[in-house]
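Here are my notes on this one, in the order I would go through them with the model open.

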Amino acid sequence: MHNTLLPERTYDNVQEQYTVHYIVKPGNAKKHVVMRNEDLDYIYHWLNRMLADSASKQNIEPDIFQMATKFTKKLPTSTLEKTGNSLMSYIGGLLSNRYRNPSQDFTKGQLQYIEFCFDAIYFAYGENGEFDEKDLGYDIKTGIANEPPQRVTFKEV
């Protein structure tokens with residue numbers, strides 16, 4: 001199935017989250033998944049933003065950096081180092097995988113952890129989060145504020 005044949009993501013106003021649709025690549029032992037390109041763009045955009053904004057504020061707002069680098073049992077153990085992961089190390093690993101091999105997709109097993117990352121991102125940029133409107137930024141031509149991130153969940157089709 002070509003990724004444009006997948007349903008477009010939907011938004012649930014009650015849960016305040018996007019549902020991203022995917023399929024598992026047939027015959028793929030690692031269960032890599034296929035998603036729409038615009039969904040991948042959205043996911044990678046906010047993973048990048050969280051990593052960059054957390055790192056750039058490490059001296060100004062050390063609480064943000066500490067939160068992002070604290071190990072959590074809610075994320076899997078690193079397959080390379082056999083150590084625990086923090087939000088920052090897990091996001092960094094996802095991004096590093098993408099940059100090393102742009103055609104590599106997420107695996108079905110990673111989706112639950114990406115959902116966890118997006119919950120953290122959603123709350124970090126939310127009303128009482130660590131980041132504010134200035135951190136979200138705006139369109140310099142129009143002066144319109146950028147949209148805040150939304151939570152993400154995945155649904156196999």
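1. First, confidence. pLDDT is the predictor's confidence in each residue, from 0 to 100. The protein chain averages 92, and 99% of the residues score at least 70. Helices (DSSP H or I, at least four residues) and strands (E, at least two) are numbered from the N terminus. Confidence is lowest in helix 2 (residues 62–69), at a mean of 88, and highest in strand 6 (residues 151–156), at 97.

2. Ground rules. This is a predicted model, with local features needing pLDDT of at least 70 and side-chain atom pairs pLDDT 80 or more, while totals for chains, interfaces and linings use all residues. Residues are numbered from 1 along each chain as its sequence is written, and side-chain values use heavy atoms, with hydrogens and water left out.

3. Now helix 4 (residues 111–124). At 1.5 Å a residue, its 14 residues should span 20 Å, and the end C-alpha atoms are 20 Å apart, which agrees; the expected span is 1.5 Å times one less than the number of residues. Buried here means under 20% relative accessible area (exposed is over 50%, partly exposed in between; 1.4 Å probe, protein chains only). The buried residues of helix 4 are Leu-111, Ile-114, Cys-117, Phe-118, Ile-121, Tyr-122 and Ala-124. They cover an arc of only 160 degrees around the axis, so they sit on the same side of helix 4; the arc is taken from the directions from the helix axis to the C-beta atoms.

4. On to the open space. On a 1 Å grid over the protein atoms alone, a pocket is an open set of points with protein on both sides within 12 Å along at least five of seven lines, a cavity is a set where a 1.4 Å probe fits but cannot get out, and lining residues have an atom within 4 Å of a point. Points are joined across faces, edges and corners, and a volume is the space filled by probe spheres set on them. The largest pocket has a volume of about 550 Å³. Of its 22 lining residues, Ser-78, Thr-79, Tyr-90, Asn-97 and Gln-110 are the closest to its centre. Helix 3 gives the most to this lining, with 7 residues.

5. The second largest pocket holds about 300 Å³. Among its 16 lining residues, Tyr-122, Tyr-125, Gly-126, Glu-127 and Pro-148 lie nearest the centre. Helix 4 and helix 5 (133–136) each supply at least two lining residues.
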